[in-house]
Amino acid sequence: MSGKKIVVAVLLAGVLLASMLAQMGCGQKESGSKEPIKIGVVLSESGANEPLGKPERNAIKLFVKRLNEAGGIDGHEVEVIIKDDQSDANKAKQAMVELLEQDNPVAVIGSSGTGTTIAMKQEAEKAGIPQVCMAAGANIMDGDITWIFRTPPTATEAGRKALSYIAEVLKVKRVALLYDTNPFGSDGKAVVEREAPEYGLEVVVSEGYQTEESEEGMDTHLTNAMTANPEVVLVWGTNPGPAKIVKRMRDKGIKLPYVGSHGIANQAFIELAGEAANGVVFPAGKMLIYQKIMEPGSEEYEFIKDFADAYFEEYGENINTFAGHGWDAILIITEALKRAGVGATPEELRDAIESTKGLVGTAGVFNYSPTDHNGLTPDDLTMVEIVNGKWEPAKE
Amino acid sequence: MDFLGNCPQYIANGLANGCIYILVAMGFNIVFNSTGIINFAQGEFCMFGGLLAYTLAASLGLPLPLAIPLALASTAIIGAAMERLLVYPLRRAGALVAIIATIGASIFFKSLGRVLWPKEAYKVPEFTAGNISLPGATVSRQFLWVFGLTILSVTAVYLFFNHTKAGKAMRACSVNRFAASLVGINVMRMSLYSFVLAAALGGLAGLINAPYASYSMGLFLGVKGFTSAVVGGLGNTFGAVTGGIVLGLLEELIPGFLTVVLGVSTGYKDAVAAILLIAVLLLRPQGILGRGVVEKV
Amino acid sequence: MLEVKGLSAFYGNIEALRAVDLWARAGRITTIIGANGAGKTTLLRAISGLVPVRYGEVRYVGQNITNLEPHRIVKMGISHVPEGRQVFSSMRVEDNLLLGAYLRSRRRSGGEIKKDLQMVYDVFPVLEERKDQMAGTLSGGEQQMLAIGRALMSKPRLLLLDEPSMGLAPLVIRDIFACLKRLHDEGLTLLLVEQDAQIALSVSDYGYVMRAGKMRMEGEARELLGREEIKSLYLGEEAVEGEEGGHGDKI
Amino acid sequence: MIASNGGSGKKRGGSYGSPPRRPDWMGMLRRNALLLGFTVFIMVMPAWAVPLSKPLSIPIILTMRLVGVYAIVAVGLNLLMGYAGQVSLGQGAFFGIGAYTSALLTTKVGFPVWLGIPCAILVAMLFGVLLAPVLRLKGHYLAMATLAMGIVVFVFLREMTWLTGGNDGVRNIPHLSVPFLEITSTRGEFYYVWIVAIIVLALCSRLVDSRVGRAMRALHQSEVAAEAMGVPVSAVKKRVFILSAALGGLAGGLFAHLQRFIDPNQFSILLSISLVTMVVIGGMESVWGSVFGAGLITFLPKLVEALPRWLGEVPDWLERYSNYEGMILGVIIMLTMVFMPSGITKGMVDLVRWRRSSFVNPFRRKAVD
Amino acid sequence: MPAEEAMSPLHEGVALQTSGLYKAFGGLTAVKNISFAVYEGEIRAIIGPNGAGKTTLYDLLTGIYKPDAGRIFFAGKDITGLPSHRITAMGMARTFQTVRLFPHMSVMENVMVAMHHRTHCGFLSCALALPPSRREEAWMREEAHRFLHIVGLEMQGESLAGNLPFGQQRLLELARALATQPKVLLLDEPAAGLNAYETRELGDIIYRLRDMGITVILVEHDMGLVMRISEKVMVLDYGEIISEGTPEEVRSDPRVIEAYLGSVVD
């Protein structure tokens, strides 16, 4: 017992010491002329949504760096406090509360995934602070939407875009839906099953798969789906599942058209699926192929080009959709701050965001309104087709 | 009926997955026989096999016939390191400690895999691309490799255990460790060999499970492999063959049946292996062949 | 050939051996007899490195082999036939025998191993008849022969035998001992541990009697065979008890 | 004392009078001293932790709420794994079942929270009863069976969308409450959780030193001997399993109302494994060790996350700690098992006492013991 | 033993009786047709060479194994096939050949475990430390102390069982078995590993137990002890009873001598 006490004592002493050190270290911070504007960011930098969180983080950091170099907002620097939620709703909520309690940010950005965003949303509502999320889940906007805004197109927009493509361009009726059993996939499944009748389509089978399954496992799902005699295969998931499916489909000589989700709007899909990727059509933000569908010199074109060049210079990578979502999120907040003024209350800032109109972002033109906090419409999306391993605009 | 018409395809898919499970399960059995522990990091060996093959073949551009043996050898070295640094020091520890230590290793390996290969998946080159049509089913050419290499590995392992001195010595250790040390077999060395062999088998499973490998595949394959080992009778090296095939087939046939005949969600597919594992453990712990060992008090 | 000096060993917390001295001369059969629980098995296991030695030392042809790893000791030419036979039951008889030659390089002495295998088959013809059977299916006596044969395959200079008679029918015991005698005649040194004093001493040259982890008596085998005290050492008598009562170690 | 009449020798000159024995209350006091000390420590914690949180950049109280929740479930797991020696890699399942029960009852049926949590306990216990047959298995088999159990529960939580909402999860779960009072502040939640946790800890530390606890520990060390001493081994195991399920359910219930949003992915195998890690690092057979383990595992990422703020600019890799958190945890687990198999708390106690007993270099070839 | 006697209802004064016990493991018959009766207050020794089936017989009696054939009667009831803890609760306790203490528990706790079946407080009562459980706990401590006193370990109550020297571990095992309040106590090689002094002390303790009314059965290799304390000796060889009688009778029985010393060759 006495040994245990000693341990406890040592621990206590350690904590006290650490706290003293920390206090010393903290004194140096307040050197800037004006107090910085704090924006909290919660991202999935690890875990299942890591491919989303990392580019988002890069974009946000880059945006802020450029903004501050340009003098910040009214001479105030912008400081982002980035936390990782590890793709876990519980950690996201924890991170959110930490931000609220410790840093008093004017707004928060986050998170990358649907579950994590919902966990944060509840806290944003409770605290009354604007939140801009980068998750696509349609169900995020269920319930109260006072404080939450979003930058990416949702499953609803993407789903509608894909369904209208199936109905109007492909002109077929029977849809086989394969979806990932993860949150992204099940969200898409819900949207597709709900919206399909409006486009006169019939979802003849919906088959859930797990993205880790082997190609043969996917083949079983595909076989199950083919029993229903579909005319098109619609796959709603993130890598690598859709790549396995399309590869398998083409290997087996199934010639049906393959329509994907915006979850495969990245280079990784092309790498993973190889040859089989050719002919795959999916809805995506126009940014993906902006050089091909936009007029050079137009506002959108220049905005995206600026972003793409800066991003490439900083990180040596090409932009992708997720980086774009992060860029849009911080853009929307900072633009609103400029309009509402640095000292704006959360309510004023929220109203400023809600009044955003015609703001050109990477994902499209944002128009928020009291009833619509998604900002985008299906028209901000475009159907992309993979041709020879490159993204091309699909025939409309 | 549609379901019956699909059956050849389900069976082909089941066999292909079953082959992978067999390789993983044999790894479990070999280690269990020579050390008496279940290596929870066995699935991570598959991860290393697949991802190392990717790095060597796709990133470094080595030709496949060179890249694959190198990937296997590296995985085997990882296995050896794990044995020397973790299993050997714990040779006298109880089951609980061993279980947790190998779980620790599995967490470590997985995280290491994520740091080294952070993307959600990598494409491991296939040995030969393309596919073959059979009546009622289409299989990839890779399937032939999987099938062939599994048969080859099982045969090789069989020959090793029955016709080589080292193999017989390893068997002797698993039959009677005490007597093995009496005839001059270095029992701890055999434990090292078993890890090397198990890691190599796991690595092979990981890399022929092509074309996709990711850091997260370990748990998935580990659970399936262990289930196969138990279904075939834990410790029975060749029971793994039965176990792997049974699990592989059930895993494709049951969801096929559920969707096509009953129209129930296939999301439950993930639970097939787990439920089978619990059922076999409770009802027939010696495995369906009944020749495995049942753990004593 | 083998010299044990002041050997003490523990089994867990039990002090199984207390300062044991022993000398096995080359070319002779030395026997240790004693009732069960006397520490005979522990002694053999300590010699072959299976039980750690706490105090004392074991010397074999002049070298100190105390606490060497078992496989090194086998390599030096000491082979141990364990109590209860311990054959590899789910392996073939011939594989069992070949495993006995595990430490010998097949490349260098492949021919010799074959010859030795034939030699074992000559000594125990029944093993040749059953060479493809699983060892576990043999009878007790056959398993004992297999265990001895396996030990011979390492080409030992000293053979340690632990209770070769245990659980066997008298006729079979006689066969086994006849074989041991024959091996001895061929020049092998034997260290035998037995409970069956009569048969063991009758084939031996020199004998030790153990009781409660100590050597209590030693002498030429023939002489020991005649002594009455042996019986009391086995079946216990107050006289013996009293003699040691005085110097029992304190705990 | 009736003892030694009749026998021929009474060696130790024992008198017939009452033997010198240490009064029982001394031990009780000592045990309770730790408990009381800890309670005081927790109760005054906000006083010093709140002002410290900001400069340290570690949200101490906020994190401590979760530590309390994890401590409850880890203590339950420790009873099962550390004391009774039955490995479970599926404890997250009971946690999830508890969380979902209370969340669904309060959001869909309209139960008050203070009724939902007891229901969570009951339902988790019910599942404990249903799943108890796995206890027939031992060692590795049990470990794998419980792992499978965790997977099955996870898949069903995800797939039974009509009940659980599937991946959409359950949201807007009410705050923790006692009758007539909803608790919404962090500090309130902290006290709520820790009062429950301290009660659980007190009960558990009593339990392990009682008749039942002794039976548990005995069967861990030798089932045959325990059975031979009249301990109904399988019944005791089963009860401990159900108890640990109940504590899992309780913690899950609290968790649901703290987080107010749950989805199946929070209750995957990873949770079970990190619970095992807490128990192991804190120390098997140690109620307080589990609290320490829960604290360490929960605070470690916070500490690393805070480092950049203490040190100013730090390299990018340090900032992305969560990427290699697994490596660090894995190494900690392996080192603990190799060098301090009884856990860090006990290992440290041993080191402090300069007792080398549990610190024999395991890499040495020969152990002369 | 004549079979008809074994099959008949228990005689007055018989503590434990078996009839025709058989147990085989794989192909090996470990125990063959064992029938015997032990009378109340007797000290009975079972001896025999290694592998004679003594420990298996114990395992059958205490319910660790189920016999393939035959019956066991104890305390007037047929206890064949009952689980171990039930048999213990009925009043038969045992010690183990290889000490099976609970090494990480204190000496006192080891003994208290053995009182499990005599106490009743459940999880709730124990966790809440309700008055009944506290009373019970106090009573158990007192009882445990009493048993430790019998074997002379009362001073070591708080030390860890695993840290005791071996001789004391044997004694503790004995105290633990006593704490189950047995009518019949089965000792499995209690003197193995003890020195002469300790063995002698053990003999005295066994006498004392007999005087307390406990029937003692012991399997033992230390013939000095066996011959000194037992009233009747039973000799097992190859799983069968080959001789039964007083120590003197057994010692001079040629079959016993042969079993131990072996037959004369030539």
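This is a predicted model: local features need pLDDT of at least 70, side-chain atom pairs count only at pLDDT 80 or more; totals for chains, interfaces and linings use all residues.
Good morning. In chain A, the centres of domain 1 and domain 2, taken over C-alpha atoms, are separated by 28 Å. The bounds of these domains come from an automatic or database domain assignment: domain 1 of chain A covers 37–154 + 296–378, and domain 2 covers 156–291 + 382–393.

Residues are numbered from 1 along each chain as its sequence is written, chains are lettered from A and ligands numbered from 1 in the order in which they are written, and side-chain values use heavy atoms, with hydrogens and water left out.

Let us begin with the two domains of chain A. Contact here means heavy atoms within 4.5 Å. By that rule, 21 residues of domain 1 of chain A touch 14 residues of domain 2 of chain A. Together the two domains bury about 1600 Å², with 61% of it on carbon and sulfur atoms; buried area is the accessible area (1.4 Å probe) that two parts lose on being put together, summed over both. On the side of domain 1 of chain A, Thr154(A), Thr321(A) and Pro378(A) lose the most area to domain 2, together 33% of what that side buries.

How many salt bridges are there between domain 1 and domain 2 of chain A? The count is zero, where a salt bridge is a side-chain nitrogen of Lys or Arg within 4 Å of a carboxyl oxygen of Asp or Glu.

I now turn to chain B and chain D. Their contact takes 49 residues from chain B and 50 residues from chain D. These chains bury about 4300 Å² between them, and 77% of that area lies on carbon and sulfur atoms.

Which residues form the salt bridge between these chains? The side chains of Arg158(D) and Asp270(B) meet at 2.8 Å, N to O, and the count between chain B and chain D is one salt bridge. Helices are DSSP runs (H or I, at least four residues), numbered from the N terminus. Helix 3 (64–87), helix 4 (95–116), helix 9 (217–232) and helix 11 (269–283) of chain B each give two or more residues to the side that touches chain D. The largest share of that side, 16 residues, comes from helix 4 of chain B.

Thank you for your attention.
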